[in-house]
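Please go through the model shown here with the paragraphs that follow.

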Amino acid sequence: MVNSKGIRRGTRYMFARDFRKHGVEHLSTYYRVYSRGDIVDIKGNGAFQKGMPHKVYHGRTGRVFNVTKHAVGVIVNKRVRTRVIPKRINVRLEHIKPSTCRIDFLNRVKANDRVKHAAKESGERVPQSLLKRQPKAPALAHLVKTKNNKPELLAPLRFEIIA
Amino acid sequence: MGFVKVVKNKAYFKRYQVKLRRRREGKTDYQARKRLTVQDKNKYNTPKYRLIVRFSKKDITAQIAYSKIEGDVVVAAAYAHELPRYGVKVGLTNYAAAYATGLLLARRHLKAIKLDGTYKGLEQCNGEFYNVEQEGDAAPFKAVLDIGLSRTTTGAKIFAVMKGVADGGIEIPHSETRFFGYDSESKSYNAEAHRDRIFGKHVSEYMTSLKEEDEDAFKRHFSKFIAAGVTAENLEEMYKKAHTAIRANPEAVKKEKKVEKKRWTAKKLTYAERKSRVSTKKAYLLHLKAQMEAQ
C-alpha cells in the first residue's frame with residue numbers, strides 16, 4: 001500500500017517538543033546573528049509552523065547563503081538516488097541553530113595565530129607539529145595505586161561438557 | 001467528603017514544567033518582549049533601543065536599553081529620586097515628576113552621545129504633539145516605548161514619561177491618542193489641558209480646594225509639601241525651573257559605594273575542623289552516657 005504524501009507524514013516524534021521544553025521559546029534563539037557562510041544545524045520546531053523545513057532536512061547541516069528579516073536561506077546537500085544535490089531552502093530562525101562542527105577549527109585557527117604572532121615577535125621558529133591536531137597517543141608509563149583497587153585475576157572457565 | 005486522590009503527587013512534580021523564570025516572577029510579558037527587542041536578521045548587529053518605563057510605589061525608573069544574549073545593556077537611566085537635585089523635592093511619582101524624569105533621561109542620553117546640540121527637542125513645553133525631525137547629518141536617536149505590565153489607559157503617567165523623552169529630543173514613535181487631554185469620542189487632543197497637567201495644575205487646584213474645605217485634611221495630605229515650602233501658587237514655577245535646570249546640567253552624579261563582601265552561605269569546613277567536630281561530639285555523647293550510667 002502506498003504511503004500518504006503529506007509533508008508532515010511520519011513526523012509525530014520528529015517535530016514534537018522535548019520533554020518539559022514546551023511553551024514559550026527562549027529569546028536567545030532570536031538574538032543570534034547569522035551571516036552568509038555560517039554553518040547551521042537544521043532542527044524542526046513543532047511549536048512554530050511557519051517556515052518549517054521539510055522532514056527530510058531535519059538533522060542536516062548546511063551553509064547560510066541568504067538572510068531575510070525572520071529567516072535564513074540554507075544550502076543543504078540532499079541525496080537524490082544516485083547523486084547529491086545542493087538544495088536551497090528557506091528556514092525560519094526557530095528551526096536553526098549555529099553548528100558546533102566549525103568551532104573547534106575556528107578556535108584552533110585563533111590559537112595558532114596567537115602562537116605564530118608570538119613566535120614572530122620573539123623570533124623563534126614554531127614547529128608545525130604544535131599547530132597540527134595530534135591523534136590520541138598510547139598512554140605513557142604510569143603508576144597505578146592498588147590501595148582500594150585490588151587487582152582481580154581473570155581466567156577462562158575450565159571446559160566442561162554439559163549434557 | 002470521601003477519599004480524594006492527591007493531585008500534587010510525585011508523578012505530578014516529575015512531569016511539571018515551570019514557566020520561564022521572569023514569567024514565574026510575574027515581571028516580564030514575553031510576547032511583548034519578543035516584539036520589542038528582537039532585531040530583523042538582515043540588520044545584523046544593529047541594536048534596537050527601547051525606552052523602559054517602570055513605576056514603583058515611590059519612584060519612577062526610566063531607562064534606555066538594548067538586548068544581548070548575555071543580558072540587556074542599559075545605556076542611560078534616570079530615576080525620580082534624582083529630581084530633588086533639580087528642585088523637585090516632593091510628589092516624586094506624580095504626572096509632573098514623570099514628565100521631568102523622561103526629560104532628564106533624554107537630555108542625559110543625548111549629551112552622552114553628543115547629540116544634545118543638534119537635537120534640542122521642545123524647549124518650551126506646551127503639550128503639543130511633537131516628533132523629532134532630522135536636523136543635519138546625524139539621524140535622531142530612536143527608541144521604542146516599553147511599558148511592561150502597565151495598562152494602556154488615556155492619561156496614564158507612563159505616557160508622561162514618554163512625552164518628556166520625546167520633548168527632550170529622542171525619537172519615539174507615538175501618537176497623541178493616549179495622552180491626557182485626548183477625547184476618544186470627538187477624536188480631538190486638548191494640548192492646553194495636557195500642558196496644565198504636566199505642570200501639576202491639577203495638584204495645585206486640589207491643594208487650594210482642600211485648603212478651603214478642610215484645613216486639617218489639607219495639612220495631613222500635603223504635609224511633605226508644606227514642610228518643603230511648596231504652595232499651590234509656586235508649584236508650576238517649581239516645575240518650570242526644574243525643566244531648565246535639567247536642560248542645563250543633565251549629568252548623573254556617581255555615588256561612592258563601599259563594597260562590603262557579604263557571604264550568603266556557610267563556609268565549607270576544613271578537614272581538621274570536621275575531624276575535631278566529630279571528636280568533640282563523640283566525647284560529649286560518651287560523657288552523657290557515663291552520666292546516665294552513674295545514676
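Which residues have the most contacts inside the largest nonpolar core? They are Leu51(B), Leu83(B), Leu105(B), Leu145(B), Ile170(B) and Phe225(B), in a core of 63 residues. A nonpolar core is a set of buried Ala, Val, Leu, Ile, Met, Phe, Trp, Tyr and Cys residues joined through side-chain atoms within 4.5 Å, where buried means under 20% relative accessible area (1.4 Å probe, protein chains only). Helix H4 of chain B, residues 95-112, gives the most to this core, with 11 residues. Helices are DSSP runs of H or I, at least four residues, numbered from the N terminus. Apart from this core lies another, of 13 residues, including Tyr34(A) and Leu93(A).

This is a predicted model, in which local features need pLDDT of at least 70 and side-chain atom pairs count only at pLDDT 80 or more, while totals for chains, interfaces and linings use all residues. Residues are numbered from 1 along each chain as its sequence is written, chains are lettered from A and ligands numbered from 1 in the order in which they are written, and side-chain values use heavy atoms, with hydrogens and water left out.

Between the chains, 19 residues of chain A are in contact (heavy atoms within 4.5 Å) with 18 residues of chain B. In chain A, helix H1 (residues 28-31) gives the most to the side that touches chain B, with 3 residues.

Arg33(B) sits in helix H3 (residues 30-37) of chain B. With a relative accessible area of 16%, Arg33(B) is buried. Beyond its neighbours within four places in sequence, Arg33(B) contacts residues of both chains, among them Leu27(A), Tyr31(A), Arg50(B) and Asp72(B).

Technical notes. Buried means under 20% relative accessible area, exposed over 50%, partly exposed in between (1.4 Å probe, protein chains only). Helices (H or I, at least four residues) and strands (E, at least two) are DSSP runs, numbered from the N terminus.
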